[in-house]
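This briefing covers a protein pair, its interface and a few related features. Please look over the sequence and the structure before reading on.

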Amino acid sequence: MAASISGLLKPWTPRVFLVRWSRYNPYYLEPEVSKEAYSRPETELSAEEKEQRELKALRPIKAATSGVSSSVFDDPVISKFINMMMEHGNKVLAREIMTQTLENIKKKQVEKYHKASEGEREAIECNPYTIFHQALENCKPVVGLASIQKGGKYYQVPIPLTDNRRRFLAMKWMITECRDNKHRRTHMYEKLSQELLAAFGKEGNVMKKKYELHKMAEANRAYAHYRWW
Amino acid sequence: MATQGGIAFQEKVSRLLRGQNGKPVLKPNRALVLKDAVANRKPKKGEASCITEMSVLMACWKQNNFVDTLCSNEINSFYMCVEKAQADAKNKAAQSNIQGGRLPPKQATALLKRYPNLCKEI
């Protein structure tokens, strides 16, 4: 609500400069971390983007979190996955697990590559980042279910999901699946790499979960009119 | 507006409270003071959007046993429909705000809270 009335805020500078806080006045703008956004010349920008740039010169900007960086290796999806895996604030451990997972995926794929014959070698994907992204894409559900009350009863109604919600569900399913349904003596990176490779090949428990959600939505398609948005 | 007819308005109110022939017209149980907030409006219940696209998608799923690669066209059209519906909802909200000539209740409350009704001298 406060963000919607940010148009009513007059030009203002804060008396105390906020650094690394997480609650900011809605007057503050988000930081732009990628270098490519600044290297574009003036001619390439549209009118709105020029306005945005001028606005950024005048308004105060939030401090960037320590999770983002301007390096070429910074990936927002992977950062989000690491944050979701993190427990009790142990980011070091979560990042370690993530790097070990990617390394493990690469090892397995390179092994497969060297064992395969000449014709099959081109089809094998070795880049762990593309495998991660493709596996996550394969796990994202298309429609979700919402519990809507009508006439005293609650119905599971199929609804369209936002991109953020779909990405969150895919990551959540992946992590819970690896934590709960695997043999307890395997390391998390091993479990994750197995599950990610399976999802890349469109098999595995996470894909099953996605299909079950789709089947439930299809079964409840009669209630789709209970939505009002 | 209040300053123009201010004194006449106060006289009218005191006449209503005192009443003609000793019988007051108004017997307020609370002070006659305006609140610093506006009542919220009930949002209008719309219809579900993108039902046709969803039903087409689900028919395709039923046919192809829920394999997503075979239904990619339907999935894309569903996503585009959803995006359009969201954009439409945003534009409609913005338009109705501008056309109505009134502030929406939340913004009106925020503004009133900034310039509250002064009921005490201190």
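About 2,200 Å² is buried between chain B and chain A, 67% of it on carbon and sulfur atoms; buried area is the accessible area (1.4 Å probe) that two parts lose on being put together, summed over both. On the chain B side, Met58(B), Phe66(B) and Tyr79(B) lose the most area to chain A, together 25% of what that side buries. The model is predicted: local features need pLDDT of at least 70, side-chain atom pairs count only at pLDDT 80 or more, and totals for chains, interfaces and linings use all residues. Residues are numbered from 1 along each chain as its sequence is written, chains are lettered from A and ligands numbered from 1 in the order in which they are written, and side-chain values use heavy atoms, without hydrogens and water.

**Interface**
- Contact (heavy atoms within 4.5 Å) links 23 residues of chain B with 25 residues of chain A.
- Two salt bridges are counted between chain B and chain A, a salt bridge being a side-chain nitrogen of Lys or Arg within 4 Å of a carboxyl oxygen of Asp or Glu.
- Lys62(B) and Glu218(A) meet through their side chains in a salt bridge, at 3.8 Å from N to O.

**Annotated spans**
- An unreviewed UniProt entry gives "domain: Small ribosomal subunit protein uS7" for residues 68-221 of chain A; such annotations may be inferred rather than shown by experiment.
- "domain: CHCH" is placed by UniProt (unreviewed entry) at residues 50-84 of chain B.
- The end C-alpha atoms of residues 50-84 of chain B lie 9 Å apart, and those of residues 68-221 of chain A lie 41 Å apart.

Note on methods
Helices (H or I, at least four residues) and strands (E, at least two) are DSSP runs, numbered from the N terminus.
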